[in-house]
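Subject: Structure handover

Hi,

Please read them with the coordinates open.

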Amino acid sequence: QVQLVESGGGLVQPGGSLRLSCAASGFILDYNAIGWFRQAPGKEREGVSCISKRDSTYYADSVKGRFTISRDNAKNTVYLQMNSLKPEDTAVYYCAVRRYGYCSGSVSAFGSWGQGTQVTVSS
């Protein structure tokens, strides 16, 4: 069955970096879009980044220039490199799969989700 497992979260200082991983199983990553979302306490889950089956990419305005999404199809894994982290980036980060294969920033467009990994940016 479809499974997504996030890892790589942690506690970092403002200006620091983290690399999140989303390991996929139960489907062929090549044919799908993978999105990264985040949810802070008291906030709605929001789209952060997405990579399509054609390797087109999407970034929310709040993370453009700081975050980079990539995929390694051989490892069936999607990554989110996060640089210049800010306290407002603090959230649980989730990856999700969209079988249609093209990107969306909408939570409702994605069918399967990982369990999330906590990112905390604090001085």
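The largest nonpolar core has 27 residues. I34, W36, F67, V78, L80, M82 and Y93 have the most contacts inside it. A nonpolar core here is a set of buried Ala, Val, Leu, Ile, Met, Phe, Trp, Tyr and Cys residues joined through side-chain atoms within 4.5 Å. Buried means under 20% relative accessible area, exposed means over 50%, and partly exposed is in between (1.4 Å probe, protein chains only). At least two residues of this core come from each of β3 (18–25), β4 (33–39), β5 (46–51), β7 (67–72), β8 (77–82), β9 (91–98) and β11 (117–121). Another core lies apart from it and has 5 residues, among them A33, F37, C50 and F110.

Two notes on the basis. This is a predicted model: local features need pLDDT of at least 70, side-chain atom pairs count only at pLDDT 80 or more, and totals for chains, interfaces and linings use all residues. Residues are numbered from 1 along each chain as its sequence is written, and side-chain values use heavy atoms, with hydrogens and water left out.

M82 is worth a look. Leaving aside residues up to four places away in sequence, M82 touches G16, S17, L18, L20, R66, F67, Y93 and V119. Contact means heavy atoms within 4.5 Å. As a general point, nonpolar side chains in soluble globular proteins tend to be buried together.

Now the overall chain. The protein chain has 0 helices and 11 strands. Helices (H or I, at least four residues) and strands (E, at least two) are DSSP runs, numbered from the N terminus. Of the 123 residues, 43% count as buried. The C-alpha trace spans about 40 × 30 × 25 Å along its principal axes. Among contacts between residues at least 6 apart in sequence, 60% join residues at least 24 apart.

An open sheet of 4 strands has the order β1-β3-β8-β7, with antiparallel pairing. Two strands pair if DSSP finds at least two bridges between them. β1 (3–7) and β7 stand at the edges with a single partner strand each, so one side of each is left without a neighbour in the sheet. Neighbouring strands are turned by 15° against each other on average, direction ignored. Axes are lines fitted to C-alpha atoms, for helices over the stretch in contact, and angles run from 0 to 180 degrees between N-to-C directions.

β7 and β8 pair in the antiparallel sense over 6 bridges. T68 has Q81 in β8 as its bridge partner. D72 has T77 in β8. The two strands form a hairpin with 4 residues between them. N76 in the turn has a positive phi of about 55°. Side chains alternate along β7. F67, I69 and R71 point to one face and are buried.

Last, the charges. There are 5 salt bridges. A salt bridge is a side-chain nitrogen of Lys or Arg within 4 Å of a carboxyl oxygen of Asp or Glu.

- E46 and R38 meet in a salt bridge (2.9 Å, N to O). E46 is partly exposed, with a relative accessible area of 37%. R38 is buried at 5%.
- D89 and R38 also meet in a salt bridge (2.9 Å, N to O). D89 is in the loop between β8 and β9 and R38 is in strand β4, 51 residues apart. D89 is buried, at 0% relative accessible area.
- D55 and R71 meet in a salt bridge (3.8 Å, N to O). D55 lies in the loop between β5 and β6 (57–59) and R71 in strand β7, so the pair ties together parts that are 16 residues apart in sequence. D55 counts as partly exposed at 47%, and R71 as buried at 14%.

Salt bridges that share partners join R38, E46, R66 and D89 into one network.

Best wishes
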